[in-house]
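The entry is shown below, and the notes follow by topic.

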Amino acid sequence: MNRTRKNTETDFTLFDNEERVMEHAETIIDGLEETTDLIKTLSAAYKRAVKDQKRMVRLCDRMQEELRAVKERLEGEVTARAELAEQFRVQAITDGMTQIFNRSHFLELCDHELKSRARTEEPLSVALLDVDHFKSVNDTYGHAAGDEVLQTVARTLENNLRQSDVIARWGGEEFSILMPRTSPENAAALAERLRKAVQEQSFDGKKERFSITASFGLTTLEGPNLTTEKSGMSVIDGLFKCADDALYDAKSSGRNKVVASEYVKGVKLDATEEPA
């Protein structure tokens with residue numbers, strides 16, 4: 001009986017296929033370990049990817065900042081170049097002493113105005129004015145005073161002309177005025193007002209104050225933009241030849257006055273003095 005009991009204890013098992021179940025369990029455990037290793041590998045790779053992504057984001061941010069800085073510098077350079085170009089343009093058309101248009105740009109504006117009036121044939125008046133006895137101002141009070149006179153005359157003209165009118169320094173102590181759509185009568189009245197305004201200015205001559213006067217010569221183009229074969233002049237040249245002749249008449253007949261010269265189709269007909 002004891003022998004039989006011993007065999008029964010030795011052959012005891014919980015499962016009919018215990019070995020197969022254990023093998024299967026070991027296989028599952030191996031698979032779990034492999035899966036765990038794979039998950040660890042994937043986790044490490046993910047962490048590296050996240051780290052790399054963050055580094056790329058920081059790099060992109062820096063690049064964007066650098067690009068923004070480059071863009072701002074380029075925009076600044078473009079703005080600076082544009083401002084410099086505008087300064088050069090203004091300098092090219094401006095008289096340095098008086099800060100009004102220079103003669104060459106003034107003539108360009110005259111040419112533009114002539115083309116604009118080609119169809120309308122509205123009257124176009126021009127004037128030349130000369131500061132009387134300007135050399136005496138320089139000799140008596142010095143060139144600094146002479147410069148102040150020219151600058152003051154320029155400001156006086158600016159402050160008393162209409163928005164449509166254009167002034168320029170013609171040369172030396174001479175100034176030019178373009179008066180679009182202005183009849184001879186209105187041009188003479190405007191020139192007379194300017195003459196009085198210039199006469200009202202006074203200057204510090206160190207020991208004494210002094211004043212100045214100016215003479216005006218003007219003419220008006222009426223009708224079409226025509227010149228004659230006889231004169232051979234352009235319309236602009238003809239206009240200012242007439243204005244200059246009128247200015248000469250004003251200077252030679254006593255100064256400080258306005259003289260108008262009639263201009264028709266490029267031919268100066270006569271010069272008549274306007275009352276001061």
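Buried means under 20% relative accessible area, exposed over 50%, and partly exposed in between (1.4 Å probe, protein chains only). This is a predicted model, in which local features need pLDDT of at least 70, side-chain atom pairs count only at pLDDT 80 or more, and totals for chains, interfaces and linings use all residues. Residues are numbered from 1 along each chain as its sequence is written, and side-chain values use heavy atoms, with hydrogens and water left out.

**Overall**
- The chain has 7 helices and 8 strands; helices (H or I, at least four residues) and strands (E, at least two) are DSSP runs, numbered from the N terminus.
- Of its 276 residues, 33% count as buried.
- Among contacts (heavy atoms within 4.5 Å) with a separation of 6 or more, 68% come from residues 24 or more positions apart.

**Salt bridges**
- The structure holds 13 salt bridges, each a side-chain nitrogen of Lys or Arg within 4 Å of a carboxyl oxygen of Asp or Glu.
- Arginine 169 and aspartate 95 form one of them, at 3.3 Å from N to O. This pair links distant parts of the chain, 74 residues apart: arginine 169 is in strand β2 (residues 166-171) and aspartate 95 in the loop between α2 and α3 (103-116).
- Arginine 169 is buried, because its relative accessibility is 17%; aspartate 95 is also buried, at 13%.
- Lysine 135 and aspartate 139 meet at 2.8 Å, N to O. Both lie in helix α4 (residues 134-141), 4 residues apart, about one turn of the helix.
- Lysine 135 has a relative accessible area of 59%, so it counts as exposed, and aspartate 139 is exposed at 53%.
- Arginine 162 and aspartate 165 are paired at 2.7 Å, N to O; arginine 162 is partly exposed at 34%, whereas aspartate 165 is buried at 9%.
- Asp130, Asp132 and Lys251 are linked in a network of salt bridges.

**Backbone**
- Arginine 181 has a positive phi, near 50°, although the residue is not glycine. Its place is the loop between β3 (174-180) and α6 (184-199), and arginine 181 is partly exposed because its relative accessibility is 47%.
- Arginine 255 likewise has a positive phi, near 65°. Arginine 255 sits in the loop between α7 (235-252) and β7 (258-264) and is partly exposed, at 31% relative accessibility.
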